[in-house]
Amino acid sequence: MPIRSLTATVAPVFLAAVYLTTAPAVPHAQETTENPFTTNLDVRMGQRVFRQQCGRCHGRDGAGGELGPDLTNGFQNASTDAGLFSIVREGLPNTQMIGINRSATDQSVWMVVSYLNSLNDTADVDLPGDAAAGMQIFNGKGNCTNCHMVSGEGGRRGPELTRVGNRRDPDELLSALMTPDEDVAPRWWTVRVTREDGSIIEGLRMNEDTFTLRLMDEQEDLWSFSKGRIRSYERIETSIMPSVDGVLTAGEVDDLVAYLFSLRREES
Amino acid sequence: MKPFVIAIALLVGAHPVFGQPAESQPGAAPSFSPVTWERLLNAADEPHNWLMYSGTLDSQHFSRLDQVHNRNVSELELKWAYQIPQLDRAETVPVVVDGVMFITEAPSNVVAVDAATGRLYWRYNHPLPDDLRICCGRNNRGVAILGETLFMSTLDAKLVAIDARSGNLVWERTVADYRSGYSKTAAPLVVKDEVVTGIAGGEFGIKGFIDSYNAETGELEWRVDTIPGPDHPDNQTWAGDSWRTGGSASWITGAYDPDLDLVYWGTGNPGPDWNGDVRMGDNLYSDSAMAMKHETGGLEWYFQFTPHDVHDWDAIQVPILADLTMDGQERKVMMWANRNAFFYTFDRETGEFLVGEPFAKQSWAEGLDSNGRPIRIPDTFPTPEGTLVAPPVGGGTNWFSPAYSPRTELFYVQAFDGEAIYFKRDEEYVEGDRYTGGGQQYNLPMDKYQSFIRAIDPKTGNLRWEYEIQPRSTAGIMATAGDLVFSGSVDGYFFALDAVSGQELWHMNVGRLVHSAPMSYAVDGKQYITIAAGNVVYTFGLRD
């Protein structure tokens with residue numbers, strides 16, 4: 001029986017006993033540098049392990065959390081599968097990144113590696129749209145560069161998209177274009193601050209805590225407020241991005257999706 | 001008491017320098033405005049900001065704010081702390097622009113926080129490969145800024161440009177191949193519309209250089225080799241092919257004189273560090289100060305502090321520029337307390353050596369000759385059996401910033417009185433591997449040695465006062481117009497001294513190694529003093 005399936009249900013004492021009795025037999029050493037577990041099933045199994053062991057810090061879907069960085073947009077400290085394996089297994093010295101539960105098998109670590117790679121999948125997919133035409137729409141009719149930056153060009157009032165193809169699949173991109181209000185990350189909510197003199201400052205919510213909040217207004221100016229020194233503030237949890245539905249044709253939307261999906265990290 | 005009177009006078013006139021109305025409140029105006037070259041040139045005129053690594057282009061690490069001064073410094077209290085999410089020791093000196101602070105973190109990340117509260121605006125995480133070559137920790141010391149763009153060095157030997165309002169990546173340039181041992185840790189220096197930046201890797205047999213990049217496009221404008229190629233006569237100062245792997249890195253931030261259009265930059269040890277047999281000769285331009293015309297990148301003059309260095313005494317110090325009256329003559333000088341334990345003053349226009357005196361314990365030179373060249377004591381080179389020499393590898397001082405106060409006309413340096421046994425061994429060069437040819441060992445427990453903050457008169461090299469630090473310090477120094485000198489220690493103290501007398505006025509246990517330099521700024525008319533200690537950035541201000 002895999003140890004992993006026990007961890008959520010058994011009592012700590014029993015767990016300790018399992019660990020003590022099975023530890024010597026569990027191969028902890030990394031014996032290969034190529035990932036032997038890369039099937040779709042391995043990815044799904046890896047996802048399950050990830051959610052149990054890594055999600056608390058890195059977010060349930062690996063998009064980053066309070067403690068751990070976003071893992072869907074390339075990796076900061078590993079450039080190979082073996083490097084990923086080593087970090088998942090051992091952690092990163094001098095950081096809060098600790099290694100996976102020591103009772104985890106090498107197999108399950110490799111599965112996590114496969115899952116992490118799937119979050120950064122750069123595999124080509126057949127898409128109906130044309131990326132070159134999509135780029136024209138992005139830079140022209142779509143007015144996308146008013147708010148979005150690609151390779152340093154464009155606005156700041158929407159997410160940076162230079163590598164968006166690494167972190168969003170075509171379905172997600174389509175849905176973000178058609179129904180942008182459906183799933184708005186808190187970073188892109190709007191806050192409307194009424195100052196003590198009654199004037200209003202409104203902008204994107206860059207960061208907020210119990211006592212303070214910071215925003216970027218329409219002119220891309222940065223503001224910081226102490227909540228105790230403003231009259232009130234209102235949080236608007238919709239996106240400032242308009243839907244492309246009805247603005248672009250279905251073909252143009254496909255082109256735009258193809259272009260956005262083509263924006264990926266260059267592999268060195 | 002003269003300093004007292006001066007401080008009062010400055011305090012009365014202090015309000016306008018904050019550049020914001022006295023009734024200004026948080027949220028009354030937007031934070032951050034673009035930093036033009038004009039603003040950088042005149043950074044001293046907006047002391048509420050700290051616009052570059054050393055504060056101003058002359059690198060004095062001097063704050064013109066005087067709200068906190070030598071009579072009220074005891075009222076300093078903690079205003080906020082920013083916890084870096086990596087445990088590596090911080091070496092960062094933050095930059096502050098109109099209420100926004102930019103803090104670099106290990107390994108190669110940067111955050112923007114509200115300078116009044118320490119709360120986050122944005123974060124940029126730089127992706128890194130897992131086979132980095134790093135000699136001495138996952139360090140980053142800070143950013144440079146021009147317009148709305150930040151410039152940062154990364155451990156994989158890249159220079160990145162980051163949008164200062166959003167943290168978006170604007171461009172990225174590979175400066176050198178990290179797999180050959182190159183890395184980048186120092187804050188770049190903006191000069192006009194270019195970004196001047198050095199390289200690290202002196203323990204890996206790299207071949208050093210200093211670069212200038214177009215700030216807008218990231219294109220390389222010029223590269224000055226810190227080891228001249230075979231077509232240059234100075235190449236003859238390297239035996240055989242040793243110049244190809246001779247190190248001479250450039251891993252700290254330099255200074256700039258706009259009137260002379262000269263960029264000043266220090267270079268590191270020749271490689272291999274401790275075995276000079278394979279690189280006989282002076283090994284130019286290792287361990288040197290280099291003065292380069294910015295317009296062309298042409299080398300105007302150089303001064304080599306330690307010819308044929310075999311003790312790893314990098315000239316990786318921040319050059320400090322000032323104008324002094326010496327022997328009745330106005331002099332544009334450059335001051336330099338070197339790792340080799342000697343303090344130097346030069347004419348920075350010509351490179352003429354003016355003053356040279358030891359400022360820390362040393363046993364390797366009888367002194368300096370009339371040109372500033374050391375007169376070596378025989379038998380002080382490393383041997384397979386070991387040779388006891390002062391200073392140790394860490395030097396009489398090291399890379400951490402010294403400071404200069406134009407009010408006291410004193411140069412403040414972190415000095416270490418220590419010694420070590422130096423060893424040499426044979427070592428083959430393998431690309432990407434360490435290439436040092438030896439090492440050192442302390443012959444006594446570290447607590448037998450100690451550091452001092454030393455205040456030096458740059459006109460004579462004479463010691464004005466010293467402040468003893470037990471056990472020792474590897475922290476930088478800031479001087480202020482409030483006649484204060486701030487620094488810290490390895491055991492986690494942050495303290496303030498009187499800049500005139502050296503008397504201790506205030507200290508605070510911040511709990512962990514202070515390994516960076518303090519800086520100061522103001523928001524809404526309130527002066528703050530910031531220091532990174534351990535992996536936390538602490539900001540202090542006067543009691544409200």
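Some stops are placed by helices (DSSP runs of H or I, at least four residues) and strands (DSSP runs of E, at least two), numbered from the N terminus. This is a predicted model, where local features need pLDDT of at least 70 and side-chain atom pairs count only at pLDDT 80 or more, while totals for chains, interfaces and linings use all residues. Residues are numbered from 1 along each chain as its sequence is written, chains are lettered from A and ligands numbered from 1 in the order in which they are written, and side-chain values use heavy atoms, with hydrogens and water left out.

**Stop 1**

Most residues other than glycine have a negative phi, and most peptide bonds are trans. Now for some exceptions. Select Asp261(B), in the loop between strand 15 (255–257) and strand 16 (262–266) of chain B. Its phi is near 55°, a positive value in a residue that is not glycine. Buried or exposed, what is Asp261(B)? Asp261(B) has a relative accessible area of 11%, so it is buried. (Buried means under 20% relative accessible area, exposed means over 50%, and partly exposed is in between, using a 1.4 Å probe and protein chains only.)

Jump to Asp327(B), in the loop between strand 19 and strand 20 (329–337) of chain B. Asp327(B) also isn't a glycine, yet has a positive phi of about 50°. With a relative accessible area of 83%, Asp327(B) is exposed.

Next, pick Ala106(B) and Pro107(B): the peptide bond joining them is cis, with omega about -5°. You'll find Pro107(B) in the loop between strand 4 (100–105) and strand 5 (109–114) of chain B. Another cis bond runs from Gln470(B) to Pro471(B), with omega near 0°. Pro471(B) belongs to the loop between strand 31 (462–469) and strand 32 (478–480) of chain B.

**Stop 2: aromatic rings**

A pair of aromatic rings is described by the distance of the centres and the angle of the planes. Here, rings of Phe, Tyr and Trp (its six-membered ring) pair if their centres lie within 6.5 Å; planes under 30 degrees apart are stacked, over 60 edge-to-face, and the rest tilted. How many aromatic pairs are there over all chains? The whole structure has 38.

Show Trp313(B) and Tyr422(B): their ring centres are 6.4 Å apart and their planes at 90°, so this pair is edge-to-face. Trp313(B) lies in the loop between strand 18 (299–304) and strand 19 (320–326) of chain B, and Tyr422(B) in strand 28 (residues 420–424) of chain B, so the pair ties together parts 109 residues apart in sequence. Both Trp313(B) and Tyr422(B) are buried.

For a stacked pair, go to Phe486(B) and Phe494(B), whose ring centres are 5.8 Å apart with planes at 25°. Phe486(B) is buried at 0% relative accessibility, and Phe494(B) is buried at 0% too.

Then try one aromatic cluster, whose members include Tyr264(B), Trp301(B), Trp313(B), Trp336(B) and Tyr422(B).

**Stop 3: charges over rings**

Switch to chain A. A charge sits over a ring if NZ of Lys or CZ of Arg is within 6 Å of the ring centre and within 35 degrees of the ring normal. Arg187(A) lies over the face of Trp188(A), 4.0 Å from the ring centre. Likewise, the charged end of Arg264(A) is over the ring of Phe261(A), at 4.2 Å from its centre.

**Stop 4: cysteines**

A disulfide is a pair of cysteine sulfur atoms within 2.5 Å. The structure holds one over all chains. Select Cys135(B) and Cys136(B), which form a disulfide with sulfur atoms 2.0 Å apart. Their link is left-handed, with -100° about the S-S bond. Cys135(B) is partly exposed at 32% relative accessible area, and Cys136(B) is partly exposed at 41%.

Cys54(A) is buried at 15% relative accessibility.
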